[in-house]
Amino acid sequence: MLLRIFRRKHTYAAALLIERFFKTKIAKLAFCASAAASLGLLAYCKYADFFIENFNAVTGLSVPLLNVALPIGISFYTFQILSYVIDVYRGDVPAQRNFIDLAMYIAMFPQLIAGPIVRYSDIEKNLKRRKTTLEDASEGMTRFSVGLAKKILLANSAALIVSEFKAFEEKTVLFYWLYAAAYMLHIYFDFSGYSDMAIGLGRVFGFRFSENFNYPYISASITEFWRRWHISLGGWFRDYLYIPLGGNRVKPIRHVFNIIVVWAATGFWHGASWNFILWGLLYAVLLLFEKYVLPVKYRFSVPMHIYTLFFLMLGFVLFDSANVGEALLCFKSMFGFAGIPVANTASLYYLRSNLVLLVIAAIGATPLPKRIYEKIGKTTVGGKVLAVLTPAAAVASVAVCTAYLIDGSFNPFVYFRF
């Protein structure tokens, strides 16, 4: 709490100084001080032990770890603070003179701890003047109930498969692939579910947050996937790192450098571990492959869908691993190089038991349910029926999810740890 108050105060003061002394050395000094304070606190809380561990590994020393408790969602609100200060420094938005309004922007609870990352420019006008209609409240609560159902009914159910896999000793190749598919669905419904809930609550209170997901698993390339997945984070790195580095309007060798820097930073943003950095670099390599190697005629085809899902699955295995060694073991096991059987009775049982769930989740990750809903709603009779069933389904969804929460175990959102 004290950390957040300090950040709000230094952000508030820095933005006012930047605007007062716009395009002068004082403005530049205020900007650098604010950015250093934000990134410094993030580095201390999230990355200090990572650097100490690697320093000890290189030097052979035994510098004690700090074991700093990581504030929930620190990566998200740090980026919101940075975007605000950068936009004021660029002259894109005026500095907020009301400290309470700025604090509300930084600490807005619906999306504070797991996104989407909201730009100050997107909600600047709503901080003082906003209205909430009955339609806004209705649509917001419906959206919230959809997100809650995604989290409780689909994400948590897929997480059970992941937990059972990790606890099971006699693993097989089939079980590894089942785990990879389950985790891939788990993280999507967990994170997109949170985003839906945040967007829904924001709508209830008169805010319109940007969409954070657009059915990423229907992508036909890694490039397309990252335009559909965690859109607010991708937009942040594009506008505040990639474009300032020169974007793609540079020589190819410089463009390669820019992509590597941005995706190494994206991986490191997710966590203080080498597997996250390698996860980011994996996508840098794939994006460069699609840009410079893959022929245009092959970029939008069925094989490309398969290629995309294949590397996404491998990427999420790396993402979920505790370290690089664990990830390598998973990869060896998935491709039959770890001396384990292809399948056994237990893995076949888990596949049969969870096949319906996986199929439902896979269909739910596509636009098909939404398209069917919209098609029904366009008819006269269908529209009247949905007008009654939609709010009833939202209430029923919240009731069912509440029952699951009461009976189930604690299962936090994946992105709470970032």
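## Basis

Residues are numbered from 1 along each chain as its sequence is written, and side-chain values use heavy atoms, with hydrogens and water left out. Because the model is predicted, local features need pLDDT of at least 70 and side-chain atom pairs count only at pLDDT 80 or more, while totals for chains, interfaces and linings use all residues.

## Helix H13

Helix H13 spans residues 324-334, and its buried residues (under 20% relative accessible area, with a 1.4 Å probe and protein chains only) are Ala327, Cys330, Ser333 and Met334. These residues lie on the same side of H13, because they cover an arc of only 125 degrees around the axis, taken from the directions from the helix axis to the C-beta atoms. They pack against helix H7 (173-204) and helix H12 (302-320), where contact means heavy atoms within 4.5 Å.

After H13 comes Gly336, whose phi is positive, near 75 degrees.

## Aromatic pairs

The whole structure holds 51 aromatic pairs, in which ring centres lie within 6.5 Å, and planes over 60 degrees apart count as edge-to-face, under 30 as stacked and the rest as tilted. Phe51 and Phe268 form an edge-to-face pair, with ring centres 6.0 Å apart and planes at 70 degrees; Phe51 belongs to helix H2 and Phe268 to helix H10, 217 residues apart.

Phe310 and Phe335 are also edge-to-face, with centres 6.1 Å apart and planes at 70 degrees. Phe310 lies in helix H12 and Phe335 in the loop between H13 and helix H14, so the pair ties together parts that are 25 residues apart in sequence.

How values were computed
Buried means under 20% relative accessible area, exposed over 50%, partly exposed in between (1.4 Å probe, protein chains only). Helices (H or I, at least four residues) and strands (E, at least two) are DSSP runs, numbered from the N terminus.
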